Amino acid sequence: MGKRRLALCAGVLTVTAFGPAACAAYAADGGDVSVVPAAPAPGADIALRVTGCDAREAVAQSPALVSDARLTPDDGDGLAGDGRVGSTLTAGTYTVTVACDGTEHKGTVEVVRKQAPAAGAEPSAHPSPVAPVNAGGGGAARVLADGRERHGPGAAQTVVALALAGTAALTVHRAARRQARRGRGTG
């Protein structure tokens, strides 16, 4: 019984003595700042995320970014936001710093040079639209080019129109009869 009590007290004393030091060492590490994609080209959009930050909002700063990126809570246990890599940057590794609750979280982003197309290679994008939107007169041009001309409504549209006209005539006739009955009864 004395050995158990001594072991328990020694464990509590160890946690009490070294626990805050371990927490301070972890906090000095700064947590994790991740960048996706990790190796963007100049001018690319990136997603930033920091873990180990209990604040409701933080700002990510880096010489690689066009402007500071605002980070807000995400679905997980951290903060996330978007940024844009400067379009005139040279290739290299840049530090990303997030100040959060008095702690500096750091990460890196490696900016890579844009790949130039090989000599004689065809461009990957078409110089004009491949599938234009059918809007305005441009959409009608395809139908007219088919050579099928339409002359008036078809049989189905004619039947529907006659049914609607008959229903309207019947409704007007009944309303007129009701009106005539009311007029005779009051005079």
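**View 1. Val 85 lies in the loop between β5 (78-84) and β6 (92-100).** The model is predicted, so local features are reported only at pLDDT of at least 70 and side-chain atom pairs only at pLDDT 80 or more, whereas totals for chains, interfaces and linings use all residues. Residues are numbered from 1 along each chain as its sequence is written, and side-chain values use heavy atoms, with hydrogens and water left out. Strands and helices here are DSSP runs numbered from the N terminus, a helix being H or I over at least four residues and a strand being E over at least two. With a relative accessibility of 1%, Val 85 counts as buried, a class defined as under 20% relative accessible area, with exposed meaning over 50% and partly exposed lying in between (1.4 Å probe, protein chains only). Leaving aside residues up to four places away in sequence, Val 85 touches Pro 40, Ala 41, Pro 42, Gly 43, Ala 44, Ile 46, Ala 64, Val 66 and Val 111, where a contact means heavy atoms within 4.5 Å. One of these residues, Val 66, is 19 residues from Val 85 in sequence, and their C-alpha atoms are 5.8 Å apart in space.

**View 2. Arg 84 in strand β5 pairs with Asp 45 in strand β2 (residues 45-51).** The two side chains form a salt bridge whose closest N and O atoms are 2.6 Å apart; the term requires a side-chain nitrogen of Lys or Arg within 4 Å of a carboxyl oxygen of Asp or Glu. Arg 84 and Asp 45 are 39 residues apart, and the pair links distant parts of the chain. Arg 84 is partly exposed at a relative accessible area of 45%, and Asp 45 is also partly exposed, at 47%.

**View 3. Arg 70 and Glu 57 form a salt bridge.** Their closest N and O atoms are 2.9 Å apart. Because Arg 70 lies in strand β4 (residues 69-73) and Glu 57 in the loop between β2 and β3 (58-61), the pair ties together parts that are 13 residues apart in sequence. Arg 70 is exposed, with a relative accessible area of 55%, whereas Glu 57 is partly exposed at 43%.

**View 4. The side chains of Lys 106 and Glu 104 meet in a salt bridge.** The N to O distance in this pair is 3.6 Å. Lys 106 is partly exposed, with 46% relative accessibility, and Glu 104 is likewise partly exposed, with a relative accessible area of 45%. A search of the whole structure finds four salt bridges.

**View 5. Arg 174, Arg 177, Arg 178, Arg 181, Arg 182 and Arg 184 form a positive surface patch.** Patches are made of residues with over 30% relative accessible area and no salt bridge, with like charges joined within 9 Å and nonpolar side chains (Val, Leu, Ile, Met, Phe, Trp, Tyr) within 5 Å. Arg 184 belongs to helix α3 (residues 155-185) and is exposed, with a relative accessible area of 67%.

**View 6. The chain contains three helices and seven strands.** Along the sequence these elements follow the pattern α-β-β-β-β-β-β-β-α-α. Of the 187 residues in the chain, 19% are buried. Among contacts between residues at least 6 apart in sequence, 52% join residues at least 24 apart.

Terms used
Areas by Shrake-Rupley, 256 points an atom, 1.4 Å probe, with all protein chains shown as cover. Lys, Arg positive; Asp, Glu negative; His and termini not counted. Charge placed at Lys NZ, Arg CZ, Asp CG, Glu CD.
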